[in-house]
Amino acid sequence: MAERLLFIWGGPAGWTAALYTAQEVLPRLRAKKPDAASLIAGIGAPRRIRALHGGPIAVIERFEHIREAFAMSRVLLAPMRISIGLQN
């Protein structure tokens, strides 16, 4: 199984972080672990997020239960670039 990062997102803060993950984090990780992949999970993905789907990045909006996304991944990633929506 490839080393798959799971990123669960929603809303503008999540979209920004998902783009950051795809454009900055995953390429650096793949430089050291070429089989690394990313799963971006969330409902209502905007076009710019859906456009990331392909190659090492999977964008999946619908699951029977979110535990499916966890089962498909090895690491949960939460790179929040802005603090909108963070609590406690």
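Two strands are said to pair if DSSP finds at least two bridges between them. The strands themselves (E, at least two residues) and the helices (H or I, at least four) are DSSP runs, numbered from the N terminus. By this rule β1 and β2 are paired, running parallel and joined by five bridges.

The structure is a predicted model, in which local features need pLDDT of at least 70 and side-chain atom pairs count only at pLDDT 80 or more, while totals for chains, interfaces and linings use all residues. Residues are numbered from 1 along each chain as its sequence is written, and side-chain values use heavy atoms, with hydrogens and water left out.

**Overall layout**

The chain has three helices and four strands. Read from the N terminus, the order of these elements is β-α-β-α-β-α-β. The chain holds 88 residues, and 34% of them count as buried. Here buried means under 20% relative accessible area, exposed means over 50%, and partly exposed lies in between (1.4 Å probe, protein chains only). The accessible surface of the chain is about 5700 Å², and carbon and sulfur atoms contribute 54% of that area. Such areas come from the Shrake-Rupley method with a 1.4 Å probe; for residues, only the protein chains shown count as cover.

A contact means heavy atoms within 4.5 Å. Among contacts with a separation of 6 or more, 64% are between residues 24 or more positions apart.

**The strands and their pairing**

Strand β1 covers residues 4-8.

Strand β2 spans residues 37-41. Four bridges connect β2 to β3 (residues 57-60), and these two strands are parallel. Leu-39 has Ala-58 of β3 as its bridge partner.

Between β1 and β2 comes helix α1 (residues 11-32), and the three elements make a right-handed β-α-β unit. A crossover is right-handed if, with the strands pointing away from the viewer, the path from the first strand over the helix to the second runs clockwise.

**The buried strand β2**

Five of the five residues of β2 are buried, so the strand is largely enclosed by the rest of the structure. Both of its faces are covered: Ala-37, Leu-39 and Ala-41 lie on one side, with Ser-38 and Ile-40 on the other.

Ser-38 counts as buried because its relative accessibility is 2%. Apart from neighbours within four places in sequence, Ser-38 is in contact with Arg-4, Leu-5, Thr-21, Leu-26, Pro-56, Ile-57 and Ala-58.

Leu-26 belongs to helix α1. Leu-26 is also buried, at 2% relative accessibility. With neighbours within four places again left aside, its contacts include Leu-5, Ala-36, Ala-37, Ser-38 and Ile-57. The C-alpha atoms of Leu-26 and Ala-37 are 7.3 Å apart, although the two residues are eleven positions apart in sequence.

Gly-55 sits in the loop between α2 (47-50) and β3. Gly-55 is exposed, since its relative accessible area is 78%.

**Surface features**

The table lists relative accessible areas for some residues named in this report.

| Residue | Relative accessible area | State |
|---|---|---|
| Ile-8 | 37% | partly exposed |
| Glu-24 | 32% | partly exposed |
| Arg-28 | 58% | exposed |

Ile-8 is part of a nonpolar patch on the surface, together with Ile-66, Phe-70 and Leu-76; the four have about 340 Å² of accessible area together. Patches are made of residues with over 30% relative accessible area and no salt bridge: like charges are joined within 9 Å, and nonpolar side chains (Val, Leu, Ile, Met, Phe, Trp, Tyr) within 5 Å.

Side chains of opposite charge can pair when their charged atoms come close. A salt bridge is a side-chain nitrogen of Lys or Arg within 4 Å of a carboxyl oxygen of Asp or Glu. The structure holds one salt bridge. This salt bridge links Arg-28 to Glu-24, with 3.7 Å between the closest N and O atoms. Both residues lie in helix α1, four residues apart, which is about one turn of the helix.
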